[in-house]
Amino acid sequence: MAGAASAAHDENPSPKVASYSYGLSPVQAESVPNSQASGTTRVKALPNGKVQVKVRASGLAPNLPHAMHLHGVPGEATDLGCPGPAADTDGNGFVTTLEGVPFYGGIVASLTTTGDTTPTSALALDRFPVADAAGNLSYSRTFRSEPASADAGTVQVVVHGIDINGNGSYDFEAGPSSLTDEFPLEGTIPVLCGGIPN
Ligand SMILES: [Cu+2]
């Protein structure tokens, strides 16, 4: 396994299986409360258009679901990797999901625990993994996704959800999501990102 701060191309167990391991780094500035999580991820491209994705993270909002996606731009790696605090272009103190898109691209696959894994499930919070009471999350799923398999080496893994005011739920105190007024910003804001360096 690669260390938290390094990106490594694993040894391939067979020519048909490519494996990519990355550390997951905080997207938000340290000034954003409860935003400094950490983790690791591994994306494997398997035969027949399948991928296996593993995510381990700690420091997440406990007992809350965390939307997670493979983000990217189809084809060659033309995106800019993971966003950092400088991606807060409107200067409101948060890097929103939309402010991160120029870096990590659109959604290639949704890392749900059951059912559909396409971008259609981007906000299916009832099917995303839930961090435990200590804020740890462990995820592993093998699923069929031709786009994810084709671009396994260039996607970013993005974990969303920060309980900014620490009240134990995603609420609207910090405003609505940049994606839809129906979701609070807390539920969709990116917390961790990992993938190809820019
Ligand atoms: Cu995402």
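These numbered points go through a copper site, a helix and a pair of strands in a predicted model.

1. Start with the copper ion. Its protein donors are His 69 (ND1), His 71 (NE2) and His 160 (NE2), lying 2.0 Å from it. In sequence, these donor residues follow the spacing H-x1-H-x88-H. His 69 lies in strand S5 (residues 68-72) and His 160 in strand S8 (residues 156-160), so this pair ties together parts that are 91 residues apart in sequence.

2. Are these two histidines buried or exposed? His 69 is buried, with a relative accessible area of 3%. His 160 is buried too, at 2%. The cut-off for buried is under 20%.

3. Now look at helix H1 (residues 97-104). Thr 97, Glu 99, Gly 100 and Tyr 104 are buried there. Seen down the axis of H1, the buried residues fall within an arc of 150 degrees, so they line one face of the helix.

4. What do the buried residues of H1 pack against? Their partners are S5, strand S6 (106-110), S8, helix H3 (185-188) and strand S9 (190-195). S5 and S8 also hold His 69 and His 160, respectively. Just after H1 comes Gly 105, with a positive phi of about 80 degrees.

5. Strand S7 (residues 137-144) shows alternating side chains. Leu 137, Tyr 139, Arg 141 and Phe 143 point to one face and are buried.

6. S7 has a neighbour in strand S4 (residues 50-58). The two pair in the antiparallel sense over eight bridges. Phe 143 in S7 is the bridge partner of Val 51.

How values were computed
Residues numbered from 1 in each chain as written. Predicted model: local features only at pLDDT ≥ 70, side-chain atom pairs only at ≥ 80, totals over all residues. Heavy atoms only, no water. Donors = N, O, S within 2.8 Å, 3.2 Å for Na, K, Ca; no water. Helix = DSSP H or I, 4+ residues; strand = E, 2+ residues; numbered from the N terminus. Buried < 20%, exposed > 50% of the residue type's maximum accessible area, 1.4 Å probe, protein only. Arc of directions from axis to C-beta. Contact = heavy atoms within 4.5 Å. Pairing = 2+ DSSP bridges.
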